[in-house]
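Please look through the sequence and the structure shown below, and then read the short report that follows them.

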Amino acid sequence: MRFAIFVWLVLLIAAAGGAWYAMDPARRGPAWFWTVVCVVLLVAFATSFVLLGGSADKSFLSMALYFLNWGMAAGGAAICAGVIAGLGAALAFKR
């Protein structure tokens, strides 16, 4: 479990640093666009947890999609949160 947390934090910090570094202060529109995209993806991940958590169907396909979804959401959530944090900080502090 500690390794999973470590990987999640590395993904988060790498995404935040990359977003901070890549953000050009002259182009604030794309930064807002990608922030909104990441927020929508986080909402989609949360919705998929709720929808799959209440499912009683136990077919092989549903179980495979369930594990695939958890894996995607774990990495995707870290990257999206990092991009939101990095772009938010860059929008606030880079001039």
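## Threonine 35 and its contacts

In this predicted model, threonine 35 is in contact with Ile84 and Leu87, once its neighbours within four places in sequence are left aside. Threonine 35 itself belongs to helix H2, which covers residues 28-53. Its relative accessibility is 12%, and because buried means under 20%, threonine 35 counts as buried.

Helix H1 covers residues 2-22, which makes 21 residues, and from its first C-alpha to its last it reaches 30 Å, close to the 30 Å expected at 1.5 Å a residue. Within H1, the residues Ala15, Ala16 and Ala19 are buried. These three cover an arc of only 95° around the axis, and therefore they lie on the same side of H1.

The face of H1 that is turned away from this buried side carries exposed residues, namely Arg2, Phe3, Phe6, Ile13, Ala14 and Tyr21.

## The chain as a whole

The protein chain has three helices and zero strands, and, read from the N terminus on, its elements run α-α-α. Among the contacts between residues at least 6 apart in sequence, 88% join residues that are at least 24 apart.

Of the 95 residues of the protein chain, 24% count as buried. The accessible surface of the chain comes to about 6600 Å², and 80% of this surface belongs to carbon and sulfur atoms.

Key: Residues are numbered from 1 along each chain as its sequence is written. This is a predicted model: local features need pLDDT of at least 70, side-chain atom pairs count only at pLDDT 80 or more; totals for chains, interfaces and linings use all residues. Side-chain values use heavy atoms; hydrogens and water are left out. Helices (H or I, at least four residues) and strands (E, at least two) are DSSP runs, numbered from the N terminus. Buried means under 20% relative accessible area, exposed over 50%, partly exposed in between (1.4 Å probe, protein chains only). Contact means heavy atoms within 4.5 Å. The expected span of a helix is 1.5 Å times one less than its number of residues. The arc is that of the directions from the helix axis to the C-beta atoms. Accessible areas come from the Shrake-Rupley method with a 1.4 Å probe; for residues, only the protein chains shown count as cover.
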